[in-house]
Amino acid sequence: MDFIVANLPYLLTGISVGGQYALIAIGYTMVYGILRLINFAHGDLFMIAGFIMVYASASLPLYISLPLVIILTVVLGVLIERVAYKPLRSAPRMSVMISAIGVSYLLQNFAWYVTGGLAKIYPEIPWISDSVQIGPVSTSRITIITPILTIVLIIALVVLIKRTKIGMAMRAVSRDFETSQLMGININRVISTTFIIGSFLAAIGSILYFSRYTTVTPTIGAMPGLKAFVAAVFGGIGSIPGAVIGAFIIGICENIIKALGYTTFSDAFTFALLIVILIFKPTGLFGEKESEKV
Amino acid sequence: MAKNVLKLENVTMQFGGVVAVNDLSLEVNEGEIIALIGPNGAGKTTAFNCITGVYEPTNGRISFNGETMLENCPHGKMKKLYAGTNAGKFTKVIRKTPDVITKMGIARTFQNIRLFKTMTVLENVLVACHMFVKTGVVFSMLGLGKKEEAAMRQQAMEYIRFMGLEDVADEIAANLPYGKQRHLEIARALAARPKLLLLDEPAAGMNPQETAELMELIRRIRDEFNLTVFMIEHHMDLVMGISDRIYVIDFGKQIAEGTPVEIQNNPAVIAAYLGEEEEA
Amino acid sequence: MSKKKKNIINICLLAALFVVLFVLEQTLSGGSMLLTVLKKGAIYALIACSMNLLNGFTGLFSLGQAGFMLLGAYTYAIFTIPVEARADVYQYFDGGIIQFTLPVIVAIILAGIVAALFASLIGMPVLRLKSDYLAIATLGFAEIIRAFMMFEGLGPITNGSNLLKKFPTFSTILFPFAVAGVCIALIVMLINSSYGRAFKAIRDDEVAAEAMGVNLFKHKQTAFVISSFFAGIGGALLAMYQSTVQANAFKSAMTYEILLIVVIGGIGSITGSILASFLYIASSEWWLRFLDETAFIGSFQVPLLRSGFRMVVFSIIIMVIVLFYRQGIMGTREYSLDALLRFFKNLPAKIKSIGKKKKGEDAAASEEVQ
């Protein structure tokens, strides 16, 4: 109990970071569920969303720049799919993955070019950055908002997937790409929707994440991106609740490791966790087993 | 008494709740040509996949030349789900991987041709010779395996010639016409120097003349290489013309066993096949 | 042409290459861009080939290359820093605990061995994973290796997150070419051996390969270990080229860079990987440099040109290759003397036909207008 009290700030940060990872992780897990593609560019989309906010808020009021960030990020996400993944639909999986790495490379270099390689300060969003008191600890309001907002968004998403027609189509496509195509499901629409949802959540995640860390650099998306992906694998890729639980676990563990003074290993730990899970339960906590037909 | 090469005892293969092969027992004796027939979806290829170690049977034992290759009993998650019989009969879990089984002397062809598509015909056959290579990997890297390589190529060419593929030895496998691809599958399996050859629908897609030629070929293979042949086939002319004995399965269960004449007159077999037609 | 004659010509060509390199080095100044590109290109060629062995020939999508390069670079640096320089390099760790040095060649080989050793440990769990899981697991391992190298607790050996420097570098351009050349030759021999065929069989169809008696795990492991061995040597050469090393530089971005070189050259072609390495290094370090500098035509400032633009253009070129020329430069073809001769023979005709085609298109276009 003493340990928890002493490390409460880290725990709270962990939960909050976990929520941000969760928002990114959903983008990974949904795209993987449908296209069987690790969208390496997703973390960079998150970074670009950060920069859009930096530039937009410089000249626009917050109530315009916030929606603008979300809209532009979604447009970019869908554009990436159209340009870089759609032409490779029938290509081997490795080619699509390489294309994703290429996009990630392009986005990073583009961001570097635009910013001149300098870190940019993320604008302060009033109210959510204010500090509040929880028991003995004072923390910013964002720490509290993130997990709540994450859970609300995820419930909305689950409802969308379970209750709507497009959600049903998504489930069908993730089960069997070819058959659902034969059944008259408009694959391209389903994929676009997936990217819209993924990018939307990444934009929200970006706003929450950078409000806390305040600097944006061209390569900043890589690590949270990879960690979110690990969270998705950890929870069983393709499973939304799995990704969310995985993200929270990773966020919390990582911050506890920081609290113990092993900051160097906080990233390495995430990967160690990934490897352990892949060895003992390759399909993750909630993943389903796939078998190959011979 | 002929020596038995392959023996299946109460083999059951269950995927989730679906029983694909149910309590199958059979024996293949040395030098025989045995056919496994049955309606579509009867579990024939699944049985082959169990024999070659691609699948782990849920229950039962498979032995080759008296040595147990695979043995299993329902365990783990399957314990509750198991829907077959003879659950308590086997206790050990032995699982040899497909490559070990091939090394023991069982080679196979695939129903849905699985060649190494980017490689030439010769290279395809050479892959099957690879397991006999004695030169270590470091020595190969230093270029010290040239002699062995030359001998291997010669040997591979013999199998290629036997299957009548010498004209296309340097073609890329994917560019071959369908019939030649089927022949290459057999050449490749032979290069693994098996004692038991499993053919999964070797005549699929062939016309009557080609089928007749294939029949002759299978006999020659058995005689020249001293093999035992176990095959799955739908062409009844081929099956009846060549088999020493036939096993018939339906819904994963064996329904008959006997010589071609016995099978042709077996009411259960007729019902299985005709029943299908009546429904259609 | 007989095989013997071809061999002789090939050897002559190779010898000529070394003579040219030697002459270049003697005539050009040390800071020459051409020499820099050639040096770095040779090192990258080796690393790209090692990655191609895994990704292109065995079909294992591994993204751990940077980790193995890091191991190689560090092993080399740690064992070759002169004893008298150690107090200065390891200033925060009392001169470190290793107080001896190994000869350069021994250290380079050791660099490969250490990388290979780690690969065999890592391979055991991860090589059983399917394609994309393997990619992410190897990427993860590379990150873990990097974290350990930067860990202050290992400082007496690795110098923590500080630079390693003052180790011997190469004095002549012939050195990286010779080492990389020998290593690439070994990779080519392996690919052309029975083992190489088994690797390709695994890439084409795992199930069929296993059914033909190829032990999947053993062969994947072999490819993985050998690839890492050469990545380790490549890392050591890279350390020599840079004259300092720091773990922080070996991020996943480095692996991606090498992967893109392999793709540009053609997945499954050693020749392609070599060509692409030189092209890639030449464009990124030299030919496209002008894109990074503001330029004026008269008093008009050319738009867009400023620091960073080079990499943007570069990544666009890469995306175009990935999307539209998926075969890369070479596809799966390899160098052979015959092909080279044919290429030069057909070159005039090709140029002519391109000219003709253009003319034809122009004519067609003008017809359409009418």
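Let's start with helix α10 of chain A, residues 222-235. It has 14 residues and reaches 20 Å from its first C-alpha to its last, close to the 20 Å expected at 1.5 Å a residue. That expected span is 1.5 Å times one less than the number of residues. Helices here are DSSP runs of H or I, at least four residues, and strands are runs of E, at least two, numbered from the N terminus.

A word on the source. This is a predicted model: local features need pLDDT of at least 70, side-chain atom pairs count only at pLDDT 80 or more, and totals for chains, interfaces and linings use all residues. Residues are numbered from 1 along each chain as its sequence is written, while chains are lettered from A and ligands numbered from 1 in the order in which they are written.

Back to α10(A). Of its 14 residues, 13 are buried. Buried means 20 or more other C-beta atoms within 10 Å of the residue's own, with C-beta atoms placed from the backbone. Just after α10(A), A:G236 has a positive phi of about 100°.

Next, A:L35. It sits in helix α2, residues 8-35. Buried or exposed? A:L35 is buried, because 24 other C-beta atoms lie within 10 Å. A:L35 touches A:Y85 and A:I191, leaving out residues up to four places away in sequence. Contact means C-beta atoms, placed from the backbone, within 7 Å. A:V173 is 138 residues from A:L35 in sequence, yet 8.8 Å away, C-alpha to C-alpha.

Now the whole chain. Chain A has 12 helices and 4 strands. Of its 294 residues, 49% count as buried. The C-alpha atoms fill a box of roughly 60 × 45 × 35 Å along the principal axes.

Notes: Buried ≥ 20, exposed ≤ 12 C-beta atoms within 10 Å, placed from the backbone. Contact = placed C-beta atoms within 7 Å.
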